[in-house]
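I set out to look up how each chain of this model is built and how the chains meet. My entries follow in the order in which I made them.

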Amino acid sequence: MTASQTRTASPRRKTWASGAWKTKLAPYLFLLPNMAIFATFTIYPAINGFNMSLYSSSNGRTFKWEGLGNYQKILTDQEFWGVARNTVIYTVSFVVLATVFALLIATLVNAQGRGKTFFRAVFFVPVLVSPVAVGLIWNWILERQNGLLNTALGGIGLGPVPWLVNPAWAMVAIIMVGVWMQTGFYMLILLAGLQSIDPVLFEAAKMDGASAWRQFRSITLPMLSPSMAVVVILATIHGFQSFDFIWTLTGGGPVGATTLMVQYIYENGFESPIRYGIATAGGVLLFIAVFILTMINWAVSRRQEAV
Amino acid sequence: MVVLITGALIAIIPLVWMFLGSFKSPTELAQRPPTFLPESWALTNYTEALGRFNFVQYLTNSVLVTVGATVLTLAINSMAAYALAKYNFRGRTALFLITLATIMIPLQVILIPVYQVVASLGLVNTLWGMIIPAAATPTGVFLLRQYMLTIPDELIEAARVDGSGEFRTFWQIILPLSAPALAVVAIFSIMWRWSDFLWPLVVAQSEAVYTLPVALARFNAELTVPFNLILAMGVVSTIPVLILFLIFQKQIATGIANTGIK
């Protein structure tokens, strides 16, 4: 691609010698607005984040040099390890459950004839609701005494489950709601992957007498692995970033049992006592965690493709 | 089939429940066991929410931020995409790779440093402070660039021969041809900006600049605000994206399939 474009570029320059400087300058001008915003609001802050994590501040104006002090403080802070544990538990459960359900639903929806579009829409609808509203609705549904879910469970003789009151159940609740909210998104990606598999493969397998399960394992899963890799990577990133629906669902409680990393960053950065250094250092650690995991995911999915 | 229908019900019931609840009075909401259909379909909660808060203000703010950010995103992303797709210049590969790499840096991990920048530019507590920082989306540039690569170079050459300026070629030939990709980027931008929460929460410090999600969360935290009003607000904040989705379902499905953008 590059070679052919270089070839077309040189005669153009000769023919349009008078306007050549315009053609040369134009791409930079086209890129300028986007790159300026990018540089100001993403690249500079990303670099400055490392720098800021070496200082401490309680007001965002005066900064004091700490060196690696913030990291030392965080890594010896019990609250941080609690938050890190919550984030890992949440993300791992979220990724596994959301991927499994998305795969299950996508396979079932794909097998539908005329109902395909309808079911696809229904399963996608939760993705559209603003996460803040999702938290509110589920906070109400999971209410211990009179909530919809406990009323329904009571109907079949179960519960009442202390969803948002008990630390362990609260973790179950945010995983459940997170999966409910996001599965439709991953389902769409997998559905597109399923639809791109050549139906001839299945026909051939059927003729050879392969069972439905055998077809799923030997054709669907391997052919779907690129889409699966995308889903697992996205779900990992989304899981680590979760904040908004948890904020209105549990507020991170009870007693910090559902406080995840982003909330930890937000609270240290914007709620008193403000600890800017801790918040930025937390951001750097979160970035490193997401980065390493994404790289591992890539490497694993690459290797699978090679096999 | 049974599994599929059960799943569909699980996906949809909480939302139906919110919708039904938004018509119920506080006493009806507190009833045990809960009633299924509301006693009346009166719009009392909606009108009361309208009168009690600057509801119209939040709605306007949400619309301004969503529309403003989307227009800005489309403008700057498409120009950048055009440069990366159709020009040969020094640094092209590097700039494209940098753009892609920033997908790895979500706002959440650079929350404080971005806030510092926004604060030093005096944009805290303004709608611009919510609009500008997220406008240069890497996924938008990527998607538009991939699409523009499929537009034949001959069209651009022909326009140059006809004496069309560089920007005019972009504006009158490239943009109209990129309409499908622009639509996908626009739909996603609207969907995500509309329900954005963390960044508006950080930027909007006074009520005058609250967006709907920020107002919802703030009022929900104040226990004095009755829940029936919160539900009405929740429904109003959900309906616009729902309508958008129903209209553009096909584009959204292909858009996600192609890029997995969010």
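Entry 1, chain A. I am working with a predicted model, and I began with its secondary structure: chain A holds 13 helices and two strands. I then looked up the radius of gyration of chain A, which is 25 Å. The globule rule gives 19 Å for 307 residues, and the value for chain A is well over that, so I note that chain A is more spread out than a compact globule. Along the principal axes, the C-alpha atoms of chain A occupy a box of roughly 85 × 75 × 35 Å. I find that 42% of the 307 residues of chain A count as buried. Of the contacts in chain A with a separation of 6 or more, 69% are between residues 24 or more positions apart.

I counted 15 helices and zero strands in chain B. For its C-alpha atoms I recorded a box of roughly 75 × 55 × 30 Å, again taken along the principal axes. Chain B has 262 residues, and 44% of them count as buried. When I took the contacts in chain B between residues at least 6 apart in sequence, 76% joined residues at least 24 apart.

Definitions and conventions
Residues are numbered from 1 along each chain as its sequence is written. Chains are lettered from A and ligands numbered from 1 in the order in which they are written. This is a predicted model: local features need pLDDT of at least 70, side-chain atom pairs count only at pLDDT 80 or more; totals for chains, interfaces and linings use all residues. Helices (H or I, at least four residues) and strands (E, at least two) are DSSP runs, numbered from the N terminus. The radius of gyration is taken over C-alpha atoms; the globule rule is 2.2 Å times the number of residues to the power 0.38. A residue is buried if 20 or more other C-beta atoms lie within 10 Å of its own, exposed if 12 or fewer, and partly exposed in between; C-beta atoms are placed from the backbone. Two residues are in contact if their C-beta atoms, placed from the backbone, lie within 7 Å.
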